Amino acid sequence: MDGPAPSLRDQVAAQLRHALIAGDFSPGEVLSAPTLAVEFGVSATPVREAMLDLAAEGHVSPIRYKGCRVTEVSEETRRQVLQLRALIEIPLMVEVAGRGISAELARGSADLAEQSIDAAAEADLVRFIELDMELHLGLLAAAGNPIAVRQVRSLLAMTRLTGLKELEAKNQLMDTAREHHQIVQAAQSRDAELMGQVMTQHLGHVTGVWAGQQEPEANQR
């Protein structure tokens, strides 16, 4: 059964969040609620409310009478995010693979993986990010730990993978998309060992290469 439809505030926040992750806004750039409201075709009120949500998440800093300034995500912050994601996601996804997933979840996840390949082929970066988040969080939820899901959702948003456009330009985005199928297959086949290997590789790939850095230390163990 579907839940309630997201509010306008939540919809705008999601659009802004994905735009930040894709690198459509530069660090230090000032975002104006009235300007964004025109772009989104809504009133300024839900945009201002959405900006409050993003400020609480650390994506922007409020500027009195002007709007919000996009915060810069340092390499150290990215390293810490990767470390936390690895600590949370890898063992829980290994647990999910060990138990296996339902046929319904397997079909839904495989469909999301296929859609992410299509999004990569079309260079639709924001859609790719949406699918990536939905796939990861959907499978992670099978571990039965909603607190972990909330934390990873926040970490995914915090990372702001600003190298995504460069990755697409180098035709490497498709490789990242194909890893989604490997993750689903590991869960479906109940191969916990393979899941650990694939997740470690995938986290290093998306957090290191997407952000325009070398492969993170956590992926060199």
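The questions and answers below concern a predicted model.

Q: How far apart are the end C-alpha atoms of helix H3 (residues 44-56)?
A: Helix H3 has 13 residues. At 1.5 Å a residue, these should span 18 Å, and the value in the model agrees with this expectation. The end C-alpha atoms of H3 are 19 Å apart.

Q: Within what arc do the buried residues of H3 fall, seen down the axis of the helix?
A: The buried residues of H3 are Ala44, Pro46, Val47, Ala50, Met51 and Leu54. They line one face of the helix, because seen down the axis of H3 they fall within an arc of 155°.

Q: Which exposed residues does H3 carry on the face turned away from its buried side?
A: An α-helix has 3.6 residues a turn, so residues three or four places apart point the same way. In H3, the buried side includes Val47, Ala50 and Leu54. The face turned away from that side carries the exposed residues Leu52 and Ala56.

Q: Which elements do the buried residues of H5 pack against?
A: Among the buried residues of H5 are Ala106, Ser109, Leu112, Ala113 and Ser116. Seen down the axis of H5, the buried residues fall within an arc of 160°, so they line one face of the helix. On the other side, Glu104, Arg107 and Ala121 are exposed. The buried residues of H5 pack against H6 and H9.

Q: What is the relative accessible area of Tyr65?
A: Most residues other than glycine have a negative phi. Tyr65 has a positive phi of about 70° although it is not a glycine. Tyr65 is found in the loop between strand S2 (60-63) and strand S3 (67-70). Tyr65 is exposed, and its relative accessible area is 76%.

Q: Where does Arg190, which has a positive phi, lie?
A: Arg190 is not a glycine, yet its phi is positive, at about 55°. Arg190 is exposed, with a relative accessible area of 54%. Arg190 lies in the loop between helix H9 (173-188) and helix H10 (192-209).

Q: Is His136 buried or exposed?
A: His136 has its place in helix H6 (residues 125-141). Leaving aside neighbours within four places in sequence, His136 is in contact with residues including Arg85, Glu89, His180 and His202. A residue under 20% relative accessible area counts as buried. At 4% relative accessibility, His136 is buried.

Q: Which element gives the most to the lining of the largest pocket?
A: About 300 Å³ of space lies in the largest pocket. Of the 14 residues that line this pocket, Arg17, His18, Met133, Leu137 and Arg153 are the closest to its centre. The elements that give two or more residues to the lining are helix H1 (8-22), H6 and H7. The most, six residues, comes from H6.

Note on methods:
Residues numbered from 1 in each chain as written. Predicted model: local features only at pLDDT ≥ 70, side-chain atom pairs only at ≥ 80, totals over all residues. Heavy atoms only, no water. Helix = DSSP H or I, 4+ residues; strand = E, 2+ residues; numbered from the N terminus. Expected span 1.5 Å × (residues − 1). Buried < 20%, exposed > 50% of the residue type's maximum accessible area, 1.4 Å probe, protein only. Arc of directions from axis to C-beta. Contact = heavy atoms within 4.5 Å. 1 Å grid on protein atoms, 1.4 Å probe; cavity = no way out; pocket = protein on both sides within 12 Å on 5 of 7 lines; lining within 4 Å. Points joined across faces, edges and corners; volume = space filled by probe spheres on them.
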